There are 2 protein chains.
Amino acid sequence: MRPGYRPNALRYGMLAALLVASPWASAAHAEEGMWTMDNLPVKQMQAQYGFTPSADWIKRVTQSSARLALGCSASFVSGDGLVMTNHHCANECLSELSGASHNYMQDGYTSAAQAREPKCPAMELDRLDTISDVTPRMNAALAGKHGADYTRAQQAAESSIEKSCVGGDATLWRCDVVTLYHGGRTALYRYRRYQDVRLVFAPDQNAAFFGGDPDNFNFPRYDLDVTFLRAYDNGHPAHTQFFPFDPAGPKDGQLVFTSGNPGSTSREEPVAQLQLLRDLELPSTYGYLSTLDGILWEYGRTGASAAQDAQDEVFGVENSLKVYTGWLQTLADPSMLAAKQKAEDSLRQWIDADPQRKNQYGDPWATLAPSLVAERRLFVPYVMLEGTRAPRGFAGDLFGYAKMLVRGAAERAKPDADRLSEYHDAKLPAIEAQLGSSAPVHPNLERTLLAFSLTRLRQSLGADDAAVKTILGKQSPEEMSTHLVNFTNLGDAKVRMQLWHGGQAAIDKSTDPMIVLARTVEPLARSLRDQWDNQVKAPQREASEALARARFARAGTSVYPDATFTQRLSYGTVKGWDENGHQVPAFTRFSGLYDRATGSDPFKLTKPWLAAKSKLDLDTPFDFASTNDIIGGNSGSPVIDAKGHAVGLIFDGNIHSLGGDFTYDGSQNRAVSVDTTALLAALKTVYRNQALADELVSGHLGGHAGAAGKS
Amino acid sequence: MRPGYRPNALRYGMLAALLVASPWASAAHAEEGMWTMDNLPVKQMQAQYGFTPSADWIKRVTQSSARLALGCSASFVSGDGLVMTNHHCANECLSELSGASHNYMQDGYTSAAQAREPKCPAMELDRLDTISDVTPRMNAALAGKHGADYTRAQQAAESSIEKSCVGGDATLWRCDVVTLYHGGRTALYRYRRYQDVRLVFAPDQNAAFFGGDPDNFNFPRYDLDVTFLRAYDNGHPAHTQFFPFDPAGPKDGQLVFTSGNPGSTSREEPVAQLQLLRDLELPSTYGYLSTLDGILWEYGRTGASAAQDAQDEVFGVENSLKVYTGWLQTLADPSMLAAKQKAEDSLRQWIDADPQRKNQYGDPWATLAPSLVAERRLFVPYVMLEGTRAPRGFAGDLFGYAKMLVRGAAERAKPDADRLSEYHDAKLPAIEAQLGSSAPVHPNLERTLLAFSLTRLRQSLGADDAAVKTILGKQSPEEMSTHLVNFTNLGDAKVRMQLWHGGQAAIDKSTDPMIVLARTVEPLARSLRDQWDNQVKAPQREASEALARARFARAGTSVYPDATFTQRLSYGTVKGWDENGHQVPAFTRFSGLYDRATGSDPFKLTKPWLAAKSKLDLDTPFDFASTNDIIGGNSGSPVIDAKGHAVGLIFDGNIHSLGGDFTYDGSQNRAVSVDTTALLAALKTVYRNQALADELVSGHLGGHAGAAGKS
């Protein structure tokens, strides 16, 4: 599945260079590209498909699309705030709303009426409003800066831009400064922020994730990977632009678009950085996640309740492992790296051929070299003690809360411009939503995760490491984890919010053992963060920007930037592919689902599906493949036709799409979607949710199927 | 730790080329080398150390050394069959002799008297008797053969040679045809076989493996990783040559030797094969073992009995993971591969420079190329369904027994020469010892391992794979594993031996579900084995032999062959090293052990150690580092001085030694041993085993410390 799941600190190094049409990514793969909404390849689309999007089309598509802050895409599909995304994008909400007596993630959920839709505890939905170019302002702020100065100047400029954009109402607006083309351009994305998002409908997990991990990233496929949510505005359903729902789905060979938020790609990353990823970071991350996968698998076997508690985590870990397996395979392909090396050599020769160019772009590879040495040295301690999302040495929600509270108190005491970017004023509402979340904490799972990660911390850094000694003292990881989880009160949202509002004084006097641990770790983690930002990230960004400028100057425009978890349009066609001489058709059908069902997990159907078999048209299209260029983060993206109507819902890619982080191969790389025809048939015939089917077809709440909402 | 543990099928591809003094392995590292006993570097030793071993010295060292068939080294240390090896080499025996009321692996064991020493259920000890050269005979048998013909001819020749060597008494003699120098030479190793090996003494696990996984492959170190066994001959202690025990241990800077059985190295493997190892096989194996590690870790947390059942498996997995982490790091070093590539390019130029050479050696790289394509295609199905030791898709002892029975019945029905090499008559006693072993089978652990591996089988090959469909049918891995383990009778050694003796007829009519499964898997596994042997191994061996001949012709003799789990002598000095500007001393002392003990696992000391603190001379040397060139399989090797006296016991290497599979770096690569002084002090003062201490010092049972057995 294509989620935005990004384990700690793997993807930090993706400051590369502007993408140009490289040898393996040009004419042969005309459908390559994740285009920003303000720079669509209009000429190519017209030449290939005779289609030119109007300004109105672009605006409607932009404003009907949305993003889930946790790392997925979504779309509005009724005028009353109805949102379509993937089941696996709503895992967290479904888990958090579940309890001892009801498991929404496993069994699904159907709201009895709009007024009774339950609020997802910690979900944020952002709808893109405007994009503006802030490149000149950023360039001015960064000119002549290096290392720590560079990092500080960047943070200060971003903070100032975001703050003025939010305009004092950070609950209504979200503003993100986004670096595109690896520094070639800086844009400001302003989003309408929705933090009141409620659950409307989810199918059972067996249908949403039929085939489970074995089928994940494979096709043919038979998944109803959908969840419907509703965005609320002041307690009422929000009213926005939306994609009218096409009950007939797409046809084989048809032109289709996806409008979503691909998380990140590394297609123009310098080869030396890709090699470091392949040789150091990827094996380390793969090993960590593989071990965690084994722990969670065995943990889940101890009972149904343990399995339920771990379900969400298991899903993320297994999915990531599959992605990384694909990465390992792609990066091990010598021809792929050789092609990239050739393009890079050619760029270097182009620069070196002209003294003026040499003067203008310098030697980006020389800038890069020491950063790679630093990266090699710092990687393990950095990911263990600091990490990008969370430190690998302290897994689980509880330490995550403690770190957020300890660091948040120190950061909020500083002027906005001096803070780490994730603690800018504009980001605080999202942090407060997380801290205040009513999502339950599972102590036994927390003890397991923490004991494992402390063990790994000691193993990775060595028992003689000063930080390890400071942290563990004479305790074993198991003893320490048990003590911390048993005696902390951070599982209680009220306690967390008190500490948050109490600021530095509250943190200083807290005796909560998890806070005490986070205070101990903080100076060690801070020091690594500083070294990482200044010795690794800053020079890599400098090098990337120089490369980006050179590539721009040489190759001109008409290129798309590497993915940045911002809205992109990809165009393509509904199409199967040739797999070792065997033709894989573009569509699967309901009949195939029933053929594949064995009665055993993960190929087991629930009773409503078994009962509906005789009532469904088994020839109905179910899932389909298309050539759209997508990546993790695109999960939940709508598939739309040239009229701007929804005809499908992206939820995965095929196995060949896993190399998409580094390259796009149009002959085999396929996006995988649910057909809108299947969505409607399942809602009506399997789940008997006529009201939701009617809202989709009519485009408004309480509408009737006859009253088509299509424009 | 340095064991012989080799997970399935990783090391199959080690048919490379004859080692010559390559640029990074010559003068700079004079102590490099794992020398066969019949080709010691006499001139180098004389030049460097003024020491020339006499023929008598060589013979005594040869015949006092031994090998444990499961993958470790050992030595005779008294004239009454007393054998010294590592605690971790006796894990299997210690686990198998443990029960609900006594855990010998955890708590240690001290035999009350020689007559009461318990027999290790499935341990085989082999003492090298003679080495003879069978190169001409093998060359004649293989001349002009390719592919399947080559494999068949090789098996037939080996079978015939081994059979005549054993001379009809396979319980007394073991004969192995050994390919040295990657086919440059073939030798016949004749061993005296001991299958009655009994347990004399083992320390508690806390002392044997103090520091556990975090300290493993690290130094300074404080481990008493020893177990004493006794070889029996017709029910009486065996009488053999032995190494007199030096109670004073070695000195810093002293010349020392190890005489052991390094398992395998790949120092002259062609670069293309190393790249395939790095890019395909190593990540796959690393991921599999990491997941298994997580499963076993969590399994062990469910209770003390579960932890005990899994202990042996955990140890092997964690140790392998550390080794593979080292491999990943070494293979990711571009300068190491570049140096190897340079040496290979130079050899290629040397061949190409002369038409006669071209004619003689052909183009080994062209022979190699298609085998790498086949390896890439076959690797995953091969390791999942067949594997070298056991198929990864069917983990656990029970399926292992079933496969051995099913395949064994079919193979034994053929003439010896037509069988797969592991079923030659000469190998049958070892198989029968395994099948007849009284070692307990742990059903819950078996269910876990089998459910995991079947899940991995389906995940790796895909749910649509024909083999997966045949094997799983409509069952889930969990259901299938539960059914198989609950209803098989193969946990009973009597049942296994009945099936073994019943031959093909008994296998055909068995309804035991594990036998039924093994019968189903057998044709699939056989087919992969054939493809693997003929398309991967045979051409790689052909290429390696051509390279070996070319290297011989170019560089002459005075080189050592890659390791083959046969007896080798390595010489070196007791010596610390420089670690990033910090000097690591050669010795640790008892005082350091007490300083490092935290009271928590794995840094916890048992009561006898705590009680002995005041009675021990804390300045006694404990463990030491030396420059000897060793590798997995060397565990349990004696460290001996120029007089041929035992001064230490190899049990590990430092972290830099992990690259030793591919290269030897004398500046940092260190072997790690227990000092004989520490062994005696611990036996006398901590474990109060004066009888064993006396036997060591006197050289015979019932001896007294005063009656020195030194020659």
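Author: In this predicted model, Cys165(B) and Cys175(B) are joined by a disulfide, with their sulfur atoms 1.9 Å apart. Turn the view along the S-S bond and you will find -65 degrees about it, a left-handed link. The two partners come from distant parts of the chain: Cys165(B) sits in helix α6 (residues 147–166) of chain B, while Cys175(B) belongs to strand β7 (residues 173–180) of chain B, 10 residues apart. Are these cysteines buried or exposed? Cys165(B) has a relative accessible area of 12%, so it counts as buried, and Cys175(B) is buried too, at 1%.

Now for chain A. Cys165(A) and Cys175(A) also form a disulfide, and their sulfur atoms are 1.9 Å apart. This link is left-handed, at -65 degrees about the S-S bond. Because Cys165(A) lies in helix α6 and Cys175(A) in strand β7 of chain A, the bond ties together parts that are 10 residues apart in sequence.

Back in chain B, another disulfide connects Cys72(B) with Cys89(B), at 2.1 Å from S to S. Its link is left-handed, with -80 degrees about the S-S bond. Cys72(B) is in strand β3 (residues 72–76) and Cys89(B) in the loop between β4 (82–85) and α3 (91–97), so this pair ties together parts 17 residues apart in sequence. Cys72(B) is buried at 3% relative accessible area, and Cys89(B) is buried at 2%.

To place these in the whole: there are six disulfides over all chains. In chain A, numbering the bonded cysteines in sequence order gives the pairing 1-2, 3-4, 5-6.

Notes
Residues are numbered from 1 along each chain as its sequence is written. Chains are lettered from A and ligands numbered from 1 in the order in which they are written. This is a predicted model: local features need pLDDT of at least 70, side-chain atom pairs count only at pLDDT 80 or more; totals for chains, interfaces and linings use all residues. Side-chain values use heavy atoms; hydrogens and water are left out. A disulfide is a pair of cysteine sulfur atoms within 2.5 Å. Helices (H or I, at least four residues) and strands (E, at least two) are DSSP runs, numbered from the N terminus. Buried means under 20% relative accessible area, exposed over 50%, partly exposed in between (1.4 Å probe, protein chains only).
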